[in-house]
Amino acid sequence: MFDGHPTNMRESVLAPKEETKHPEPVGENSKLICFNVGGKKFFVMKENFFTFPNTRLGLLVRCSEVTEILKLCDKYFEGQVPEYFFDRSWKGFNDILDVYRLGRLHLNDGGLCPIRTRASIQYWQIDELLLDPCCALKYYPLIEECVRETEGQEESERKYLERLKVEDFGSSPLGRIRKFCWNLTEYPETSLGARVYAFTSMGVVVLSTVVFILSTMPELTDEIDIILFTNSTEGLPVEPQERWEDGILALNIIDHTTMVFFTLEFGIRFLCAPQKVLFMKAPLNVIDILAILPYYIGFILEGMKDTLVVGRVGKVLRLVRVMRILRVFKLVRHFNGLQSLLSTLGQAYKELGLLMVLLFVCVLTFSSLIYFAEKDSSSRWSFPDSFWWGLMVLTTVGYGEKMPDSAAGQLIGGLCALLGVFILALPVPIIVNSFSENYKNRVWKGQVLLKKQERSEQDKKEARPSKEEWTAKHAEIVMKNKSSPRSKSNSISRRCNGMLNSADI
């Protein structure tokens, strides 16, 4: 049979292989492979992927079954050059291929944000430790910043959704009034009237602060302040001071007017607040209470100014009167810049804490040196004196009443002053950059939240039928009732009942 039919014998041997059509291992019959990533083809030598066999591409080129291949890619096309398709963006894929060619990860072709770059590295199962130092210098700080911003955005959105849920006052007339007053006093960005009110409130705060400053002048000092802030309670003579009574009266009128405004504002905000406990715990609201409280304590003091109570608790009452300066902190509510500054200080607490530790160590070191250097000098130095001197010199304020006399003490003082300049210059770039970024982020986050709020209110209006729709629907129902036989019978019965009633009368 073999001599008579060689052709048939060869066909019978090769036939089963053509019927099964199993894919051949990539590493045996193909030295070139193709990766189709998002429609863009990359041709690579297969031997490059033996360097990192545990990565996605390293595992892919060693697969021999279609089912195994499709677990690692989206599509597979057989051919002289096998083609693997990945349904994802091709940007940054050259950087992934360079890992197998060069053995290092260098980010120079992606143009993606750090979060997407990290996701791509994790998808291709590349170790981040292969990242070159030149790229790691930018990659890791940007990753940290992006993660912080993403978490901050998610937190702000979560708070915004909670605020919408909490501030749902309902559709009743009282609920609409509460919502209007709450938006008017809390959110200046909601309407033109709210912005006008915000500017008015800010002007009243500034006016109240100016009145407080002018009231400290001797010619415009009120009688109760003279009693509290002079030494008459200690038996010391008080020099008479000419006073401007008309100016004092004008300042009192303005002060009373501003405090009535603050009281009404706080009362309206408290009554309209959706959660009274959280409202009272808010830091800005606590400042409002502390700014209003001294005004009403002043009425009590007016009745006690001729008694001995003022003399006994004079120091406490002085503190209460000085607390009127807290009115200026009400400006924080109206300025995003001041809010950004407080937020910046909260975010840079690690850097500022490190600065405080460094400053304390330097003060302790130089105060010890100056104490032992000036211990035998004519001016007797104590350790608290040297500590105070070191703090003043390091902060470039001055050196106070004491100054070193010896050459060693003067050398220590010069080094202390020079070091203080460098120490104070350290936190300036950190605070400035953080403040600038925080302010920009607060501005665009506020704009995004405002647009979301406008869209949600618009969706509610679209979902709720308008007045015309309600009128048309009501007219339709009335027409149906008139045309129905039951309504006719009801109308006839009502007429008969009316006739009977009139006959009885």
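Leu 32 stands opposite Met 45 in β2. The strands here, β1 (residues 32–37) and β2 (residues 40–45), pair in the antiparallel sense over six bridges. Pairing requires at least two DSSP bridges between two strands. This is a predicted model: local features need pLDDT of at least 70, side-chain atom pairs count only at pLDDT 80 or more, and totals for chains, interfaces and linings use all residues. Residues are numbered from 1 along each chain as its sequence is written, and side-chain values use heavy atoms, with hydrogens and water left out.

**Sheet**

- β1 and β2 form a hairpin with two residues between them. Gly 38 in the turn has a positive phi of about 60°.
- Strands (E, at least two residues) and helices (H or I, at least four residues) are DSSP runs, numbered from the N terminus.
- β1 also runs parallel to β4, joined by four bridges. Cys 34 stands opposite Glu 83 in β4.
- The four strands make an open sheet in the order β2-β1-β4-β3, with mixed pairing.
- β2 and β3 (75–77) are the edge strands, each pairing on one side only.
- On average, neighbouring strands of this sheet are turned by 20° against each other, direction ignored.

**Salt bridges**

- A salt bridge here is a side-chain nitrogen of Lys or Arg within 4 Å of a carboxyl oxygen of Asp or Glu. The count by this rule is eight.
- One of them joins the side chains of Lys 41 and Glu 83 (3.7 Å, N to O).
- Lys 41 lies in β2 and Glu 83 in β4 (residues 83–86), so the pair ties together parts that are 42 residues apart in sequence.

**Helix on the sheet**

- Helix α5 (residues 93–102) lies across β1 and β2 and runs at about 5° to β2.
- Axes are lines fitted to C-alpha atoms, for helices over the stretch in contact (heavy atoms within 4.5 Å). Angles run from 0 to 180 degrees between N-to-C directions.

**Helix pair α9 and α11**

- α9 (residues 192–214) packs against α11 (residues 245–272) at an angle of about 140°, with axes 10 Å apart.
- The two helices are therefore oblique to each other. Oblique is what remains after roughly parallel (under 35 degrees), roughly antiparallel (over 145) and roughly perpendicular (65 to 115).
- On the α9 side, the contact includes Tyr 197, Val 204 and Leu 214. On the α11 side, it includes Leu 251, Asp 255 and Phe 262.
- The residues of this contact divide into ten nonpolar (Ala, Val, Leu, Ile, Met, Phe, Trp, Tyr, Cys, Pro), two charged (Asp, Glu, Lys, Arg) and three polar (the others, Gly among them).
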